[in-house]
Amino acid sequence: MSGPLTPSQTVGPFFGVGLPFEKGEQIVAPGSAGVMRIEGQVLDGNGQPVPDALLEIWQPDGRGRYDRAGDGETTGFGRSRTDSEGAFSFLTVKPGAAKAPDGRTQAPHLNVTVFARGLLRHLVTRMYFPDETEANATDPALNLVEPARQETLIAKNCGGVLHFDIRLQGERETVFFAI
Amino acid sequence: MNEDEREPPYLYPDYVGTRLRAPAKPLVSLPEGFHDFPAPLFPRTIAELDHDLTRQHSGEPLGERIIVTGRVLDSDGRPLRNTIVEVWQANAAGRYLDHDDQHPAPLDPNFSGAGRCLTDDEGRYRFITIKPGAYPWKNHRNAWRPAHIHFSLFGSEFRSRLVTQMYFPGDPLMPRDPILQSIPDQAGRERLVSQFDPETTVPEWALAYRWDIVLRGRAATPFEDEP
């Protein structure tokens, strides 16, 4: 049974006074073992940069668990806003493979949440890793996405940096998941 | 009405900002339980005075001092304890401390407009702040946002995440505000309006407003995880 939930409203353009925090983009510290840099851009339906988006990353630990017991190095959470070019970056490590509710193994991925002016509700997507071809091929979530759109969820390796753009609308629109 | 039908749509053309930012393709549904995992661990610490937006500077901010309090509950009515609540708002003149805010109203050197706290054992949060002013925005001719405070909550589950806005009772701008009016039903819109709370109001000091928040819980019955 569901009670009367409090409805969502947009984060608006002025969340900068309250939500971003120092080093929020560092899910792990620079120089940590296995650290990788993720870079991307948030784009609107005209392909224009979205300079006022807020992104949150939430990832399981190295064993694929979200309770994060025994993992004192990082909380697995990151938060960062886009800059005037719509660009964002995070430092993190590849998480372990989380189990799906039916017991199947999911490919390693990051949960990415998008907030912005013009988004009355937040959006949830997933970033998968380009070097996990086999795991990605059997991932139960990725396989529910029509093949032509799956590439919007897989980061690209550009000289050691993982590139992951988020297109809110239009051509090559990122796949977002209902929550 | 199911949970989704009570929420604002992504595309709401009267709110011009949605037109190029709302996804055009339907969201992909994952099987039940795929988003049933715990909410993020928030890495920031909460200081004792973070809930008091009137004591972050050497002097007191201008405006009407208010107490904003209420409970954070799940949809079964259970209190959410020890969960973080973040708020941000404009000052009494309707101006945010944000370089992108071009409204020609004064900044207040004694007001930054951001606070956070943890809920107590009964799920209760409490902020001391000043009543934010209305401010103009360029959505349509003569558009003004009703006074509001932005709230951000995590709750206990990933699905519980909520960013929303709290409004004040009797504000004549609410029926004209496309952001509030994007919520499809009147009962839903009313759930974002706080109530004047005479019992919590402190004589000779501050008016109080009460506003409870209900967050989404798990979608599925918990499955037995491997040890």
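**Figure 1. Pairing of strands β2 and β3 in chain A of the predicted model.** Strand β2 (residues 53-58) of chain A lies beside β3(A), and the two strands pair in the antiparallel sense over 5 bridges. One of these positions can be followed residue by residue: A:L55 has A:S80 of β3(A) as its bridge partner.

**Figure 2. The buried strand β3 of chain A.** Strand β3 covers residues 77-81 of chain A, and 5 of its 5 residues are buried. In a regular strand, side chains alternate between the two faces of the sheet. In β3(A), A:F77, A:R79 and A:R81 point one way, while A:G78 and A:S80 point the other way. Is the group formed by A:G78 and A:S80 buried or exposed? Both residues are buried, as are A:F77, A:R79 and A:R81.

Figure 3. Strand β1 (residues 36-43) of chain A runs antiparallel to β4(A) and is joined to it by 6 bridges.

**Figure 4. An open sheet in chain B.** In chain B, 4 strands form an open sheet in the order β3-β2-β7-β8, with antiparallel pairing. Which strands of chain B form the edges of this sheet? The edge strands are β3 (114-118) and β8 (162-167), each of which pairs on one side only. From one strand to the next, the twist averages 25 degrees. For chain B, the mean pLDDT is 94, and 96% of the residues reach 70 or more.

**Figure 5. The contact between chains A and B.** Chain A contributes 55 residues to the contact and chain B contributes 64 residues. Strand β5 (residues 109-116) of chain A gives the most to the side of chain A that touches chain B, namely 4 residues. By residue class, that side of chain A consists of 30 nonpolar, 19 polar and 6 charged residues. The model as a whole scores ipTM 0.96 and pTM 0.96.

Notes. Residues numbered from 1 in each chain as written. Chains lettered and ligands numbered in written order. Predicted model: local features only at pLDDT ≥ 70, side-chain atom pairs only at ≥ 80, totals over all residues. Contact = placed C-beta atoms within 7 Å. Nonpolar A, V, L, I, M, F, W, Y, C, P; charged D, E, K, R; others polar. Buried ≥ 20, exposed ≤ 12 C-beta atoms within 10 Å, placed from the backbone. Pairing = 2+ DSSP bridges. Axes fitted to C-alpha atoms, helices over the stretch in contact; angles between N-to-C directions. pLDDT = per-residue confidence, 0-100.
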